[in-house]
Amino acid sequence: MEALIPFSLNALTLISILLMVSMGMAIIFGLMNVINLAHGEFITIGAFTLVVVQGLGGNFWLALIAAPIVGYIIGLALEKALIARIYENPLHAILVTWGLSLILQQVIQLIFGASPQSITGPFPGSIDILGVAYPAYRLFLIAFALATFAATILVFKKTKFGLDLRASIQSSEMASVMGVNPDKINARAFASGAALAALAGVLLAPLTAVTAYMGINYLARSFFVVLVGGAGSISGVAAGSGLIGSLETALSYEIPTTVAQALVLALAIVILRFRPQGILPA
Amino acid sequence: MTVTIPLLSLRNVSRSFGTFKAVTDVSEDFGPEELNCIIGPNGAGKSTLLNMICGTLAVSSGSIHFGDESIGGMSGDKIARLGIARKFQVPSVFPSLSVVENFHVSASNALSANELDEILSTVNLSVDRDTTASELPHGKKQWLEIGMALSMQPKVLLLDEPTAGLSVDETRATSEFLRTLRGKVTVVVIEHDMAFVRDLKAHTMVLHHGKVIASGSFEDIENNDLVRDVYLGRR
Amino acid sequence: MTTTILNTTPGQITRKQKLGPASIIAIGIILALLILPAFVQGYTLTSYRDVLLFALFALSLDLFWGKTGILSFGHATFFGLGAYGMAIMSIHFSIDPAIVSLVGLLAGVGMAALVALIVGYFILYGGVRGAYFTIVTLALTLIANHVAVGWPSVTGGDSGLIGVPPFSILGWSFADPISSYYLALIVLGACLLSSMWVMSGRLGLILTAIQDDEIKVQTLGYKTPLLLLMTFAASAAMAALAGGLYAAGNGFVAPDMIALLLSTEVIIWVAVGGSGTLVGAVIGTAIVWWLQQKISSINASAWPIVIGTFFILLVLVFPKGPAAFVLDKVKKLRRDKEDDR
């Protein structure tokens, strides 16, 4: 019983991270059928926003506000300049976003250097939970991710933007007949996905090495979360994160983490064979 | 080709969708000595009948025999392997391959040069042998697809409106080459175009509301009062 | 049915074009490369040998991508499996030196083919095509790289394994630059010509037909997932062959031989030469390698930016590949000139 508490908290931490990094991808993938291979770099951009904000004397909370704005603006600019031209062809989208990813990585590395950046998280201590001491920051991360998830669902269900978005995911033709401007909704959705990824980057930064290449570690996992969960469905992201996050946590108790990650991705491929639509499709 | 082609025979074939009877009690024999034509107004049950012969639809009652084999309710791919090939209304060919290459893909066994030339001249595509399919006009795409069906060396060839969208000259050429298939392969054609059917000199069966109202040579059909009333009379 | 596909000789199919322009170019290139050692020796020759092996790797990708239209973003996995198979067999096991290279090569090639068959089965038979296939194979490289880095006792972890013996078979050693160059050339030439020969036959036609309309090909009675799977496995095996020979030629393996950047680069080699031509993959590799030397000598970190930019240009400016882009321009120029007259 004692061992179960840190295990569930570890699993919840990973699930929260996956939830944060995958929501943006699910929106972009579900709506535009674009597999955004530069998604990881938006996570990196978020983390480096924290680096810059702290370098200028600001604190973590300021970065938490700044990062999604930075992500949104860069995402919007890239959508208008590049992504909008490649919606019809998924392979083209892959090549362009991958090219973008390579350029962003290298530019970030040229500006900030190759060695990991030092940043400070907001909660250094730990908190007692049922007799088990657990890092306070991780508990904050779990709470924040759940709040963001709830907020995203609210936006999806209750706002005009969310309604238009869901209509477009169901059928972009129907939505445009109903007066939804597809160019506008695509641009805003892509930028929102980028903003969510950047937000995830800030949250991840205190737990990982902040380098120009950090995003790539989350790219394949968020892609599989979306595929296993069901493309275009926000509840699917929760299901996918839950499955992949708890499996990976359980496996890493027995085998090296990198091998556990590899195994989980392999398992995701197997799931695809039997449930090509994902667990909870849109 | 000295393969004997078994008789395709339908006995009291019926098909209903819910309470709607699309085809009722159709009995007919199709042999290779004759070209066979099924005519009738829209909704008469022609396509339903064709779908039952090639296994896309199950029969509700009655039986379909191909020689000694009962094929009513057999799966589509099994029927195809018995040598019953079908050409759909919309031509579907491989646009990036040339005419000859399309035949090489569709042929069930590697084609010899002679077999290839024979198919090419049958469907009037000898001069277009190396043309890419996407560049063929619509009519020649139809012929290409008939040729692809022939390259599978079928015993029965089911054609769903092969003249749809063809010009008058192309239609005439089509009936000419279909006539050369008499005796080699059993051809069953669904058609709207009366001039084409007359040209074909086919054994014709008239469907109306799912029932056979007349069957015989085209001349017999033309002189049948009932047929004049429901179909030809309208023209 | 599959056996008749492979047994059909190309001569039966396209009697008129027994020697197309592509095969003439291929034979010309091989002949030119045969006399190269008369002009180049020593270290430079070994780097040319590496280019030949990379060209073999590019050829393997073009065999699948170019012929099926499905892009594999994970081909470095197979190159890496070939390299690591060779290294692990020759370093961790005490195998008779007379056959160790052969065993290593077979192990790597076998592993690659097996992984391709297993992964390919799950995705190709799952109906996964196009972009999904691409992304799943991308993840495959990530997985393989994780394992290569995270299993130091076997793979040497980050630093890799050093001390792979030069390729040798039954006392014949290919240790010096000239013989290892010729080994690479012979393997490349054999793979190139045999791939072109097989693909000019019925299998090549059917794969093109699958790109046009896979359902229709199925209704004609072909088992299309099986054909795609076999092509994928053959392509993976060829990539591993290149990887194994590369490891033996250079004497070491490192995780960057099984990494995403290599998967990315090989796509560019093929795209520059024009995908689907097979011989273009070889030419493209040589061009890009030469460019990389030039650019890296100015600024090493600029290379990934060049690659990234190339991907974007590839889609926006020349979607059919730079080679086709130039050819189209030339054709248009010629047409315009004729119109002027």
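The following paragraphs lead the reader through a predicted model, from the contacts between its chains to the packing of two helices in chain C.

Two pairs of chains are in contact, and of these the pair formed by chains A and C shares the most contacts. Chains A and B, by contrast, do not touch, and their nearest C-alpha atoms are 19 Å apart. Where chain B meets chain C, twelve residues of chain B and 14 residues of chain C take part. The side of chain B that touches chain C consists of five nonpolar, six polar and one charged residues.

Chain A carries an annotation from UniProt, in an unreviewed entry: the feature "transmembrane region" is placed at several spans, among them residues 194–216 and 255–274. In the model, residues 194–216 of chain A are 52% helix and 0% strand, with end C-alpha atoms 15 Å apart.

Within chain C, the account turns to a pair of helices. Two packed helices are described by the angle between their axes and the distance between the axes. The axes of helix 4 (residues 42–68) and helix 14 (residues 279–298) of chain C come within 8 Å and cross at roughly 130 degrees. These two helices of chain C are therefore oblique to each other, and helix 4 passes helix 14 in a right-handed crossing. Residues of helix 4 including C:Phe54 and C:Asp62 meet residues of helix 14 including C:Val282 and C:Trp289. By class, this contact of helix 4 with helix 14 in chain C has nine nonpolar, two polar and one charged residues.

Conventions: Residues numbered from 1 in each chain as written. Chains lettered and ligands numbered in written order. Predicted model: local features only at pLDDT ≥ 70, side-chain atom pairs only at ≥ 80, totals over all residues. Contact = placed C-beta atoms within 7 Å. UniProt positions renumbered as here; feature names shortened; annotations may be inferred. Helix = DSSP H or I, 4+ residues; strand = E, 2+ residues; numbered from the N terminus. Nonpolar A, V, L, I, M, F, W, Y, C, P; charged D, E, K, R; others polar. Axes fitted to C-alpha atoms, helices over the stretch in contact; angles between N-to-C directions. Parallel < 35°, antiparallel > 145°, perpendicular 65-115°, else oblique. Left-handed = near helix turned anticlockwise from the far one by under 90°.
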